[in-house]
Each structure stands twice: as structure tokens, then as C-alpha cells.
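Please keep the sequence and the structure at hand while reading.

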Amino acid sequence: MTKSMPQLLDVVSLTVDLLEYNLLHGQVGTIVELLADGAAFEVEFSDLNGQTYESVGLRPEQIMVLHFEPTSPNLVPEMVTA
């Protein structure tokens, strides 16, 4: 399984709880801005009506890019055996 480098407008999920923002592991948001030359990301969290309820700067290890289509077999890394 490959881990994608997050890009602008990617849909992402939190991999940690951020209780100070009332955000929990698994909540879904959208990257709306690249920060620090791509070392961090502004992620916007919106309700079902599209109203933003939180916007937070996050590090790559705090988010996971969500994929809605199958991955190409050419993108899956080969298993290395020792």
C-alpha cells in the first residue's frame, strides 16, 4: 500500500484526535492551502451543508489521503523479500 503525498484539494482523514479543535480521528476534510512549501497543510472541515466549522494547519503525519478509485497496479510497490 502506498502513501500518497497530499496535494491541494485532496480529501483527507485525520489520523489523530485534535480535541482543542473538537476534531476526532477519522473526521474528513479538504486541503485548501499548502503551507511551508508543502511541509504542512491547511485543512478545512465542513458539515453536510458545506458550511466550514473548522480550518486547521496540519502536518502530513496527522492526515491520510482518501482514495475513491482503485489504484493502478503500476503504482503498487513491489514487495521486498530479505
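What percentage of the 82 residues of the protein chain count as buried? Of the 82 residues, 24% count as buried, where buried means under 20% relative accessible area, exposed means over 50%, and partly exposed lies in between, with a 1.4 Å probe and protein chains only.

## Basis of the model

This is a predicted model, in which local features need pLDDT of at least 70 and side-chain atom pairs count only at pLDDT 80 or more, whereas totals for chains, interfaces and linings use all residues. Residues are numbered from 1 along each chain as its sequence is written, and side-chain values use heavy atoms, with hydrogens and water left out.

## Overall content

The secondary structure of the protein chain comes to zero helices and five strands, and from the N terminus on the elements run β-β-β-β-β. Helices (H or I, at least four residues) and strands (E, at least two) are DSSP runs, numbered from the N terminus.

The protein chain exposes about 6,100 Å², of which carbon and sulfur atoms supply 55%; accessible areas come from the Shrake-Rupley method with a 1.4 Å probe, and for residues only the protein chains shown count as cover. Among the contacts in the protein chain with a separation of 6 or more, 40% come from residues 24 or more positions apart, a contact being defined by heavy atoms within 4.5 Å.

## The sheet

The five strands form an open sheet in the order β4-β3-β2-β1-β5, with antiparallel pairing. Strands β4 and β5 stand at the edges and have a single partner strand each, so one side of each is left without a neighbour in the sheet. Neighbouring strands of this sheet are turned by 40° against each other on average, direction ignored; the axes behind this angle are lines fitted to C-alpha atoms, for helices over the stretch in contact, and angles run from 0 to 180 degrees between N-to-C directions. Two strands pair if DSSP finds at least two bridges between them.

Strand β2 (residues 28-35) pairs with β3 in the antiparallel sense over five bridges, and Glu-33 stands opposite Glu-42 in β3. Strand β3 (residues 40-46) in turn pairs with β4 (residues 52-58), again in the antiparallel sense, over six bridges, with Leu-58 in β4 as the bridge partner of Phe-41. β3 and β4 form a hairpin with five residues between them, and Gly-50 in the turn has a positive phi of about 85°.

## The loop between β2 and β3

Ala-36 lies in the loop between β2 and β3, and Asp-37 has its place in this loop too. Ala-36 has a positive phi of about 50° although it is not a glycine, and Asp-37, which is not a glycine either, has a positive phi of about 55°. Ala-36 counts as exposed because its relative accessibility is 58%, and Asp-37 counts as exposed at 87%.

## The segment before β1

Gln-7 lies in the segment before β1 and is partly exposed, with a relative accessible area of 43%. Although Gln-7 and Ile-31 are 24 residues apart in sequence, their C-alpha atoms are 7.2 Å apart in space. Leaving aside residues up to four places away in sequence, Gln-7 touches Ile-31 and Leu-34.

Leu-8 is found in the segment before β1 (11-14) and counts as partly exposed, because its relative accessibility is 45%. Together with Leu-9 and Leu-34, Leu-8 forms a nonpolar patch on the surface, with about 300 Å² of accessible area together. Patches are made of residues with over 30% relative accessible area and no salt bridge, like charges being joined within 9 Å and nonpolar side chains (Val, Leu, Ile, Met, Phe, Trp, Tyr) within 5 Å.

Glu-61 forms a salt bridge with Arg-59, the closest N and O atoms being 2.7 Å apart. A salt bridge is a side-chain nitrogen of Lys or Arg within 4 Å of a carboxyl oxygen of Asp or Glu, and by this rule the count comes to one salt bridge. Glu-61 is partly exposed, with a relative accessible area of 48%, and Arg-59 counts as partly exposed at 45% relative accessibility.

Is Gln-62 buried or exposed? Gln-62, found in the loop between β4 and β5 (63-65), counts as buried because its relative accessibility is 10%. Not counting residues up to four places away in sequence, Gln-62 touches Ser-13, Leu-14, Thr-15, Val-16 and Leu-18.
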